[in-house]
Amino acid sequence: MKTTEKIRKIIIKRFPKRLAITALLSLGIHMPLFAQDTLLIADGYIDVVKGKTVKDVVIVVSGNKIIKVTEQDKLTDRTAYKIIDLSGKTLVPGVMDMHVHLAGDAEDDFLAAQNYSIPRQTVKAVKNAKLTLLAGFTTVRDLGASGYTVIATRDGINAGEIPGPRVWAVGNPISITGGHCDDNFSAPEKLSIAGGVADGPWAVRAKVRENIKYGANAIKVCATGGVFSKGTKVGVQQLTYEEIKAAVDEAHMRGLTIAAHAHGTSGIKASIKAGIDSIEHCSFMDKEAIKMAIKAGTYLSCDIYNTEYTLAFGAENGVPEENINKEKQVSKAQRESFRQAVKAGANMVFGSDAAIYPHGDNGKQFSRMVTFGMTPIQALQAATINSAALLKQDNLGQIKPGFMADIIAVDGDPLKNISLMENVTFVMKDGQVYKQQ
């Protein structure tokens with residue numbers, strides 16, 4: 001046994017990988033050498049930087065990294081690889097959704113779900129993490145869940161215990177007393193206060209610190225009222241500029257990015273001025289707000305698909321009339337704000353607000369982004385290189401040597417038909433295949 005191991009080590013050291021494999025096999029040594037590299041063969045891949053489909057290439061994956069992207073006829077010796085033949089398909093970098101809520105389900109009775117226990121919500125998050133990954137979303141940012149449910153889910157994913165995307169999770173979103181992100185559905189005598197409630201700049205700083213203490217790797221503040229809260233006006237600012245700035249300074253000091261839920265114009269402007277990294281929803285943006293976002297480099301995340309689900313199924317799912325009426329109020333304005341921001345050249349990311357519609361349907365937003373002003377490549381860039389830039393991850397969002405092996409595939413070319421992104425047929429994350437049709 002010792003002699004065989006010694007021979008194996010000498011061969012590995014002295015010979016290139018492919019020759020080493022051949023030599024060991026010829027000697028009848030079948031002991032593990034190293035994980036076999038994977039070769040992906042497809043009709044082409046989307047170069048999201050250059051904005052085009054590159055044909056007749058092969059992708060080599062070693063471990064969890066892409067190590068080579070080359071023309072098919074330049075890689076003639078394929079004996080050393082595990083080959084995955086994806087002929088007829090186009091490869092796309094694993095896409096990213098910058099606004100999800102894994103611990104909730106749109107299909108559940110709305111009011112009953114307000115009283116789900118933390119363990120119940122965690123089970124939901126585990127289920128929805130898998131659905132999201134299988135839909136081709138290999139990275140997500142979860143922008144609010146009670147009880148650190150999604151942080152626990154993220155840690156389970158990272159430990160290899162459950163399948164799911166990479167997760168940036170904020171923990172408890174920060175809200176004023178009685179604001180959007182507080183618990184306004186419970187009776188007063190229950191004294192129910194959401195975990196992220198804080199009033200005043202120092203209290204806000206304390207909540208940021210508390211979230212980080214329990215594992216948050218991103219932060220969120222609720223700067224304005226919202227659609228799915230009780231008793232809040234969508235366009236009205238809630239957190240003051242000083243409170244938002246306190247959260248921004250604390251998050252940035254700790255090396256975290258920070259998002260602001262902001263529908264109304266004043267809340268959007270206050271958030272941009274305070275240095276927020278991304279504005280969520282962006283429903284009532286005027287030209288000045290868009291100019292401010294462009295000048296500051298602020299990313300805009302507009303959930304322009306989910307309104308269709310809410311208006312079609314909200315009442316059936318028990319969503320109160322107050323909330324459905326607020327959805328009607330913001331939907332048209334939000335899509336127009338999206339259109340104007342795209343036209344002006346603002347930084348845009350893909351954010352869908354999954355949980356307001358069923359998880360796994362995230363890809364349906366791509367076609368709406370194109371309908372309301374983007375080209376197909378802009379929509380894909382929003383979900384890849386732009387989202388990677390927002391997260392400050394320089395090894396995600398591209399099919400390129402040195403990048404993480406997050407690769408998905410669709411039947412056909414999404415630059416010709418963006419709706420193909422609604423049916424992802426192959427999913428690789430971190431070099432591991434989770435779905436292959």
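What is the place of lysine 392?

Author: Lysine 392 lies in the loop between helix H14 (385-391) and strand S14 (407-411). Helices (H or I, at least four residues) and strands (E, at least two) are DSSP runs, numbered from the N terminus. This is a predicted model, in which local features need pLDDT of at least 70 and side-chain atom pairs count only at pLDDT 80 or more, whereas totals for chains, interfaces and linings use all residues. Residues are numbered from 1 along each chain as its sequence is written, and side-chain values use heavy atoms, with hydrogens and water left out.

The phi of lysine 392 is positive, near 60°, in a residue other than glycine. With a relative accessible area of 61%, lysine 392 is exposed (buried means under 20% relative accessible area, exposed over 50%, partly exposed in between, with a 1.4 Å probe and protein chains only).

Alanine 355 is not a glycine either, and has a positive phi of about 115°. Alanine 355 is placed in the loop between strand S13 (347-349) and helix H12 (365-371), but counts as buried at 14% relative accessibility. Alanine 355 is one of the residues touched by aspartate 105, together with Lys124, Lys127, Asn128 and His359, residues up to four places away in sequence not being counted; contact means heavy atoms within 4.5 Å. Aspartate 105 itself belongs to the loop between strand S6 (95-100) and helix H3 (110-113), and is buried, with a relative accessible area of 13%.

In H6, the buried residues are Val204, Arg205, Lys207, Val208, Asn211 and Ile212. Seen down the axis of H6, they fall within an arc of 160°, so they line one face of the helix (the arc is that of the directions from the helix axis to the C-beta atoms). Trp202 and Lys213, on the other side of H6, are exposed. The cover of the buried residues of H6 includes strand S9 (219-222) and helix H7 (241-253).

H6 and H7 pack with their axes 8 Å apart, at an angle of about 35°. Axes are lines fitted to C-alpha atoms, for helices over the stretch in contact, and angles run from 0 to 180 degrees between N-to-C directions. H6 contributes Pro201, Val204, Arg205, Val208 and Arg209 to the contact, while the residues from H7 include Glu242, Glu243, Ala246 and Met253. The contact residues divide into 7 nonpolar, no polar and 6 charged (Ala, Val, Leu, Ile, Met, Phe, Trp, Tyr, Cys and Pro count as nonpolar, Asp, Glu, Lys and Arg as charged, and the others, Gly among them, as polar). Arginine 205, at 16% relative accessibility, counts as buried. Leaving aside neighbours within four places in sequence, arginine 205 is in contact with Ala246, Asp249, Glu250 and Met253.
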